[in-house]
Amino acid sequence: MTEIRTPRLLLRGWQDDDLVPMADIHADLRVMRWIGDGSVRDLERTAEDIERWEQEWDEEGFGLFAVELLASGELIGFAGLSVPEALAQVLPGVAVGWRIGSQFWGQGYASEAAHATLEFALQDRGLDRVISVSRVGDSASENVIRKLGMVPEREMAHPVYGYPVRVHGIDLTEFQA
């Protein structure tokens, strides 16, 4: 599996030791507020998530990286690429996304990891276009998306939860500009 190093982060494959810290992130209401129905996830659900993320790597050649701090080796969350299968209107799109533990917010880690992932998608994996989907009102995610150079393209209701989501996009030529 590919590893990506940024000045402060290592984006890497999942390890057994990642389950508990990722479950701790999933147990934080502040982190999960804008995700799905807003409920927290337990250890078992987190294990299922990680298994699904690893499977996407096998099937698609991309997926969600575990993100750790280079200085300490501490897992701070994930960043990577996924196919947003619940949003049929944007398929066959590939979305960049991230989930960072709240104790690491406000330090630019999400932007750093998301930018490295976007570069990986467009330059290493040969994707022509990448999207990002955010829940309307999630200003922190919108800030990261703007820093990536992505522009809003459309709004729609989430097909499962009904709340409004905003789809942003960028293509290879816009990224290189």
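Colleague: In which loop does Pro92 lie?

Modeller: This is a predicted model, in which local features need pLDDT of at least 70 and side-chain atom pairs count only at pLDDT 80 or more, while totals for chains, interfaces and linings use all residues. Residues are numbered from 1 along each chain as its sequence is written, and side-chain values use heavy atoms, with hydrogens and water left out. Helices (H or I, at least four residues) and strands (E, at least two) are DSSP runs, numbered from the N terminus. On that basis, Pro92 lies in the loop between S4 and S5.

Colleague: Is the peptide bond from Leu91 to Pro92 cis or trans?

Modeller: In general, most peptide bonds are trans. From Leu91 to Pro92, however, omega is near 10°, and the bond is cis.

Colleague: How many bridges pair S4 with strand S5?

Modeller: Two strands pair if DSSP finds at least two bridges between them. Strand S5 covers residues 95-100 and runs in the antiparallel sense to S4. The number of bridges between S4 and S5 is six.

Colleague: Why is strand S4 largely enclosed by the rest of the structure?

Modeller: A residue is buried at under 20% relative accessible area, exposed at over 50% and partly exposed in between, with a 1.4 Å probe and protein chains only. Strand S4 comprises residues 75-82. It is largely enclosed because the number of its eight residues that are buried is seven.

Colleague: Which residue in the hairpin of S3 and S4 takes a positive phi?

Modeller: Strand S3 (residues 64-69) runs antiparallel to S4, and five bridges join them. The hairpin has five residues between the strands. Most residues other than glycine have a negative phi. Here the residue with a positive phi, near 75°, is Gly73.

Colleague: Which residues of S3 are buried on the side that holds Glu68?

Modeller: In a regular strand the side chains alternate between the two faces of the sheet. Both faces of S3 are covered, with Phe65, Val67 and Leu69 buried on one side.

Colleague: Which residue in S4 does Glu68 stand opposite?

Modeller: S2 and S3 run antiparallel and are joined by four bridges, and Leu10 stands opposite Glu68 in S3. In S4, the residue opposite Glu68 is Leu75.

Colleague: Which residues do ring pairs link into a cluster?

Modeller: Rings of Phe, Tyr and Trp (its six-membered ring) pair if their centres lie within 6.5 Å; planes under 30 degrees apart count as stacked, over 60 as edge-to-face and the rest as tilted. The structure holds seven aromatic pairs. The rings of Trp14 and Trp53 have centres 5.2 Å apart and planes at 40°, so this pair is tilted. Ring pairs link into a cluster the residues Trp14, Trp53 and Phe78.

Colleague: How many residues apart in sequence are the parts that the pair of Trp14 and Trp53 ties together?

Modeller: Trp14 and Trp53 are both buried. Trp14 lies in the loop between strand S2 (9-12) and helix H1 (19-26), and Trp53 lies in helix H3 (residues 43-60), so the pair ties together parts whose separation in residues is 39.

Colleague: Is the pair of Tyr161 and Tyr163 stacked or edge-to-face?

Modeller: Tyr161 is partly exposed at 41% relative accessibility, whereas Tyr163 is buried at 13%. Their ring centres are 5.7 Å apart and their planes are at 10°, so the pair is stacked.

Colleague: Which residue touches Leu81, Val94 and Gly169, among others?

Modeller: A nonpolar core is a set of buried Ala, Val, Leu, Ile, Met, Phe, Trp, Tyr and Cys residues joined through side-chain atoms within 4.5 Å. Of the 34 residues in the largest such core, those that touch the most other members include Leu81, Trp98 and Val130. Contact means heavy atoms within 4.5 Å. Not counting residues up to four places away in sequence, the residue that touches Leu81, Val94 and Gly169, among others, is Val130.

Colleague: What is the relative accessible area of Gly169?

Modeller: Gly169 has its place in strand S8 (residues 164-171). Among the residues that it touches are Arg129, Val130 and Met150. Gly169 is buried, and its relative accessible area is 1%.
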